[in-house]
Amino acid sequence: MGVHGLTSYIEENGKQFFKDLKLRNTTLVIDGCSLFFRLYFTSGLDQQHGGDYESFANLIQQFFEALSMCNIRPFVLLDGGIDYTNKKFPTLVQRAQKKIKEADALSRGSHGSILPLLTRQVFKQVLYSLHVPFIQCVAEADWEIACLANQWNCAVLTMDSDFYIFDLKGGYLPFAFFQWQNVGMCQKTSERYIPASHFSINKFCSRFHHMNKELLPLFAVMAGNDYTSPGSMDKFFSRVVFSQVAQPAHSRTHARIDGLLHWLSQFSGPQKAMDAVLQILGNSDPSINRDLLSSGVQEYKLSHSNLARYFTHGAAVTNLPEPVRHLPEWLLAGLTSGRLPSFILNVLVLQRSLLIVQVENCRLPSSHTTSLPIRQVLYGLLLDGNRKLLQGHGSKQRKSTNPTEGSPLYRVQEFDRHGLNLRGSPVQAVLPRGIQQLSLDKLNEVPLPVRLQVLLETLGVDEFIATALPPHLSLPVCVTCYWITSSEPKPNLQMVQALLLGIVYGELCRLGGSQRGPAAGYPGVRAVCDRLGRLRVRANERRGPDLDVAHAYSQWQSCLWMSIYLNQLLCCPLPEPECAWLYGGTFVHGAVKEMKGGSTPEVLLTGAPFPAQLYSAIQGAMWHSVGADFFAPSSTKKRRGRRPNKRGRAPRAQGVVNRFALLTCEDDDADEE
């Protein structure tokens, strides 16, 4: 949600609507999506090369450490699925189309803002590791955030202009004025605090002749928010001449906001103002009626929070929307805890998915084309395994009949990039080959070997990788094998080597190889880390990234993204990897460039046996799956089909688990969780 132009209008008017605050010793409700957007986009982190997740994870940790220093108790709420009422879908489509243009601009070295694909996953994983209480809402979180903050009488931290409209008891702290990197200390008490600016709705209304604050929701609807187009009230504005504007505005939008607020201030309440609006419009625009205005105003009406007991007692969330409340309990618990992605809600409730755009070669098919078979299995488990819900609760079923088997197969409407345009296309759900129908109700009770078989069959690999590598690296290496054999165009050997080097480098950093961590006990590890760290290219280069490399790694990220979701739906038959350590965009692009210049992984890893052994183990497991001669000239290798994992077994991958026991020792706590 958000009122068009309101944030810039308020910021343009200085801090007359705010009071300075030294925030400490308090509870704070945080808009999680606003937080990770704000942290990523205001810190100069990479967008062109697919993201630098390690730096982002460090930034998240620093943010919550600053809160802890000031005894601020955070509670984070994340948006869930797409609005099931479809009111906001046109706005989401417009935003997605805009992001395609921005991604194309970034790929050519121009300006844009694209959040890397795995940002949300990294954010959730860091919250888990820091034990920050959070919940993933079933729909948009704004209203839930406002209700919870009001019930607890505490402030909200976000950057959403709708919070200038909500009547919040504890007030609104905009991210733009939240100086978490500038922690101060009270001279008298030595308590630490974060300088912030507290928005006062009473101060705001006093500027406009002490207008009734209950008029603000009507103002938001008329000014245009995510549920009403800014142009929907054009006929009203063309018929009303605002006689009172407080000061010259810098834009037409700001002039309209200022004039509308002054015009509304003459009415004692929203009903009288609504009568005047409809009288001015007459019958000129039937689409603008009392029901439309009233329903828009209701979006800002707060009530008792459903989430307070979730945070205080771990109670299940109640009063769920009708399309969601009949889902299996284990699935709802996974969604609210964030262990399952909100992506699956859109598939279950709307049979629709909106794929996230990446910085890639827009002259080629979308990078998400490579992960399509993975998504089809995900859709099959969700929809075919949940026929009872789809048939019993009025879901708009999109299904076809398999001509060979006669069984109904559901379709999902996917929205993805086609050229420079967003286009929807039907995608058929697919059941895993050789697996009997798995009921979604009992999917969490299916034996582990069966769930693992579904995952490995989908990725086209066998169980060798799951046993030959440290457990937390099994899924990324399986995904890499799938990517190598399924992507088009195929990645070259240097791209694959750079990706594996990135995984090794991430492991060394995760284990503290560059500091005083467990890997530091291995001779030469710090020197290898320093050497690898110097490979990074500059973030957000003016000339843009190498598009062939960017497209290949966008394909890999898409495959990892969907494989993590499939693994989560199957209740993690393979351990979930820590995404912050798996991929660094500036690193892998730099490593490709280095090897094009004649270097090799062996040279880059010289000086310490441990990194070289880890690289060799990962590469050996991968060659076992795809064939050791996969990148050899076609004249020297046999033709192979979709799943070449029976050939090219690499003996050097044997015994990996024992050799790298160090890599798994820190995962025990996570496995217990």
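The protein exposes about 28200 Å², of which carbon and sulfur atoms supply 50%. The structure described here is a predicted model. Within the protein, 30 helices and twelve strands were assigned. Of its 673 residues, 58% count as buried. Contacts between residues at least 6 apart in sequence were also examined, and 76% of these join residues at least 24 apart.

Two packed helices are described by the angle between their axes and the distance between the axes. The pair α2 and α5 comprises residues 32-41 and residues 119-130, respectively. The axes of α2 and α5 come within 11 Å and cross at roughly 110 degrees. Angles of 65 to 115 degrees count as roughly perpendicular, and α2 and α5 are therefore roughly perpendicular to each other. The crossing of α2 past α5 is right-handed. On the α2 side, the contact is made by Gly 32, Cys 33, Leu 35, Phe 36 and Tyr 40, while α5 contributes Thr 119, Arg 120 and Phe 123. Classified by residue type, this contact of α2 with α5 has five nonpolar, two polar and one charged residues.

The second pair is formed by α24, spanning residues 547-569, and α25, spanning residues 585-596. Helices α24 and α25 pack at an angle of about 130 degrees, and their axes are 11 Å apart. Since angles over 145 degrees count as roughly antiparallel and 65 to 115 as roughly perpendicular, α24 and α25 are therefore oblique to each other. Their crossing is right-handed. Helix α24 takes part in the contact through Val 549, Ala 550 and Tyr 553, and helix α25 through Val 588, His 589, Val 592 and Lys 596. By class, five nonpolar, one polar and one charged residues make up the contact of α24 with α25.

A further site was examined in a loop. Gly 512 lies between α22 (493-510) and α23 (525-533), in the loop that links these helices. The relative accessible area of Gly 512 is 13%. Residues under 20% relative accessible area count as buried, and Gly 512 is therefore buried. Gly 512 and Cys 529 are separated by 17 residues in sequence, and their C-alpha atoms are 9.7 Å apart in space.

Terms used. Residues are numbered from 1 along each chain as its sequence is written. This is a predicted model: local features need pLDDT of at least 70, side-chain atom pairs count only at pLDDT 80 or more; totals for chains, interfaces and linings use all residues. Side-chain values use heavy atoms; hydrogens and water are left out. Helices (H or I, at least four residues) and strands (E, at least two) are DSSP runs, numbered from the N terminus. Buried means under 20% relative accessible area, exposed over 50%, partly exposed in between (1.4 Å probe, protein chains only). Contact means heavy atoms within 4.5 Å. Accessible areas come from the Shrake-Rupley method with a 1.4 Å probe; for residues, only the protein chains shown count as cover. Axes are lines fitted to C-alpha atoms, for helices over the stretch in contact, and angles run from 0 to 180 degrees between N-to-C directions. Angles under 35 degrees count as roughly parallel, over 145 as roughly antiparallel, 65 to 115 as roughly perpendicular and the rest as oblique. A crossing is left-handed if the near helix is turned anticlockwise from the far one by less than a right angle, and right-handed if clockwise. Ala, Val, Leu, Ile, Met, Phe, Trp, Tyr, Cys and Pro count as nonpolar, Asp, Glu, Lys and Arg as charged, and the others, Gly among them, as polar.
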